[in-house]
Amino acid sequence: MKPHEIARGINAALDGRRIGASAVTICCLHAAATGHLIQVTEEPMAFAYPTGPITTAEGRTDQS
């Protein structure tokens, strides 16, 4: 998914409040850097949720 698509879905669920695509992009990049998302393309930027277990930098499997 692209950050603007994620922001659109979040905004639809936020009764009148809005979140910007740039804020979503920053969060997605952080999540990708920590292994919670996978950045599948750089231009246009798109992310995917990993299908397997998430392993932390210490080698433990994250249960969240």
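This is a short talk about one predicted protein model, going from the overall layout to single residues.

Hi everyone, let me start with the ground rules. The model is predicted, so local features need pLDDT of at least 70 and side-chain atom pairs count only at pLDDT 80 or more, while totals for chains, interfaces and linings use all residues. Residues are numbered from 1 along each chain as its sequence is written, and side-chain values use heavy atoms, with hydrogens and water left out.

Now the layout. The chain has two helices and four strands, and from the N terminus on their order is α-α-β-β-β-β. Helices here are DSSP runs of H or I with at least four residues, strands are runs of E with at least two, and both are numbered from the N terminus. Of the 64 residues, 19% count as buried. Buried means under 20% relative accessible area, exposed means over 50%, and partly exposed is in between, using a 1.4 Å probe and protein chains only. The accessible surface comes to about 4700 Å², and 58% of that belongs to carbon and sulfur atoms. Those areas come from the Shrake-Rupley method with a 1.4 Å probe, and for residues only the protein chains shown count as cover.

Which residues of H1 are buried? They are Pro-3, Ala-7 and Asn-11. Seen down the axis of H1, these buried residues fall within an arc of 70°, so they line one face of the helix. The arc is taken from the directions that run from the helix axis to the C-beta atoms. On the other side of H1 you will find Arg-8, Ala-12 and Ala-13, which are exposed. The cover over the buried residues of H1 includes H2 and S2.

Asn-11 deserves a moment of its own. Its relative accessible area is 12%, so Asn-11 counts as buried. Leaving aside neighbours within four places in sequence, Asn-11 is in contact with Arg-17, Arg-18 and Ile-19. Contact means heavy atoms within 4.5 Å.

On to helix H2, residues 21-33. The expected span of a helix is 1.5 Å times one less than its number of residues. For the 13 residues of H2 that should give 18 Å, and the end C-alpha atoms are 18 Å apart, which agrees.

Thr-25 is buried, with a relative accessible area of 19%, whereas Cys-27 counts as exposed at 51% relative accessibility. Not counting residues up to four places away in sequence, Thr-25 touches Pro-3 and Met-45. As for Cys-27, its C-alpha is 9.3 Å from that of Pro-3, although the two are 24 residues apart in sequence. After H2 comes Gly-35, with a positive phi near 85°.

Next, the strands. How many bridges join S1 to S2? Three bridges join S1, residues 38-41, to S2, residues 46-48, and the two strands run antiparallel. Two strands pair if DSSP finds at least two bridges between them. Gln-39 has Phe-47 in S2 as its bridge partner. S1 and S2 form a hairpin with four residues between them. Pro-44 sits in that loop, and the peptide bond from Glu-43 to Pro-44 is cis, with omega near -10°.

Last stop, the core. In soluble globular proteins, nonpolar side chains tend to be buried together. A nonpolar core here is a set of buried Ala, Val, Leu, Ile, Met, Phe, Trp, Tyr and Cys residues joined through side-chain atoms within 4.5 Å. The largest one has six residues: Ala-7, Val-24, Cys-28, Ala-31, Leu-37 and Phe-47. H2 gives the most to this core, with three residues. Cys-28 touches Ile-6, Leu-37 and Phe-47, again not counting residues up to four places away in sequence.
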